[in-house]
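Please look through the sequence and the model shown here before reading on.

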Amino acid sequence: RVLAGDALAEYRVGERSWKIPVGGFWQAHRDAASRYAQWVAAYTARYGGEPGRAWDLYGGAGVLAGALVDQGFAVDVVETSGGAIAAGRQTLADEPVAFHRGDVASRLRGLPSPSVVVLDPPRTGAGAGVMSAIAASEPRAIVHVGCDPAAFARDLGAACENGYRLAELAAYDAFPGTHHLEAFAVLVPGLEDRRGR
């Protein structure tokens, strides 16, 4: 409940500005969103190949989608929060970004096939079912962002069980004084992919 002041807080990432409800989620570290967007852009430039379609799963207001657009991708964002989607639609109104509201596991069906998938799930991780569905869509690269090492590791294991291999891994101390780390992984199709890719 807002007692005084505006109900929206403004956040900037690069040249874009988002107005997020004050009760909505934004990264705790003031530079995190900008840094994460830069890292996602760098990973997709290295591993994504020719820009095409991308998925931004658990995409919030579309900060990482903005980084993908800057790389030349058209982006499908899947998010559960109506407030985040409204903010993203306002900021990215003139960009090739489509927002889809709902649970990631159920919303993946029917989306155009991606060449790149970026996901930043909650602390519980994406889960084996979502990772299997992502792998079945056969992207050239999966960029996974995670803040819980155990859930992150389970998701990476599920991707590897579905024909992907770890190409790059990095961890950042984005939560000083806590046991949490922000981890980034890039997964690419494995050499021993059982589906013959």
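Tyr58 is placed in the loop between β3 (53-57) and α2, where helices (H or I, at least four residues) and strands (E, at least two) are DSSP runs, numbered from the N terminus. This is a predicted model, in which local features need pLDDT of at least 70 and side-chain atom pairs count only at pLDDT 80 or more, while totals for chains, interfaces and linings use all residues. Residues are numbered from 1 along each chain as its sequence is written, and side-chain values use heavy atoms, with hydrogens and water left out.

Most residues other than glycine have a negative phi. Tyr58, although it is not a glycine, has a positive phi of about 60 degrees. Glu138, which is not a glycine either, has a positive phi of about 55 degrees, and Glu138 is found in the loop between α5 (128-136) and β7. With a relative accessibility of 41%, Glu138 counts as partly exposed; here buried means under 20% relative accessible area, exposed over 50%, and partly exposed in between (1.4 Å probe, protein chains only).

## Helix α1

Helix α1 covers residues 32-47, which is 16 residues, and from its first C-alpha to its last it reaches 22 Å, close to the 22 Å expected at 1.5 Å a residue. That expected span is 1.5 Å times one less than the number of residues in the helix. The buried residues of α1 are Ala32, Ala33, Tyr36, Ala37, Val40, Ala41, Tyr43 and Thr44. Seen down the axis of α1, these buried residues fall within an arc of 165 degrees, so they line one face of the helix; the arc is that of the directions from the helix axis to the C-beta atoms.

Which elements are included in what covers the buried residues of α1? Among them are the strands β1 (8-13), β6 (116-119), β7 (141-146), β8 (164-172) and β9 (182-189), together with the helix α2 (63-70). Ser34, which also lies in helix α1, counts as partly exposed at 23% relative accessibility. Not counting residues up to four places away in sequence, Ser34 touches Arg12, Val13 and Gly14, where contact means heavy atoms within 4.5 Å. Between the C-alpha atoms of Ser34 and Val78, which are 44 residues apart along the chain, the separation is 20 Å. After α1 comes Gly49, whose phi is positive, near 70 degrees.

## Charged side chains

Side chains of opposite charge can pair when their charged atoms come close. A salt bridge is a side-chain nitrogen of Lys or Arg within 4 Å of a carboxyl oxygen of Asp or Glu, and by this rule the count comes to four salt bridges.

| Salt bridge | N to O distance |
|---|---|
| Asp70 and Arg16 | 2.8 Å |
| Glu95 and Arg16 | 3.4 Å |
| Arg53 and Asp76 | 2.7 Å |

The side chains of Asp70 and Arg16 meet in a salt bridge. Asp70 lies in helix α2 and Arg16 in strand β2 (residues 16-21), so this pair ties together parts that are 54 residues apart in sequence. Asp70 is exposed, with a relative accessible area of 55%, whereas Arg16 counts as buried at 14% relative accessibility.

Glu95 also forms a salt bridge with Arg16. Because Glu95 lies in the loop between α3 (82-91) and β5 (97-101) and Arg16 in strand β2, the pair ties together parts that are 79 residues apart in sequence. Arg16, Asp70 and Glu95 are thus linked in a network of salt bridges, and Glu95 counts as partly exposed at 29% relative accessibility.

Another salt bridge joins the side chains of Arg53 and Asp76. Arg53 lies in strand β3 and Asp76 in strand β4, so the pair ties together parts that are 23 residues apart in sequence. Asp76 is buried, with a relative accessible area of 2%, while Arg53 counts as partly exposed at 25% relative accessibility.

A polar atom of the Glu79 side chain lies 3.0 Å from the backbone nitrogen of Ser81. Leaving aside neighbours within four places in sequence, the residues in contact with Glu79 include Tyr58, His100 and Arg101.

Methods. A polar contact is a pair of N or O atoms within 3.5 Å; within protein, one must be able to donate a hydrogen and the other to accept it, and residues adjacent in sequence count only if both atoms are side-chain atoms.
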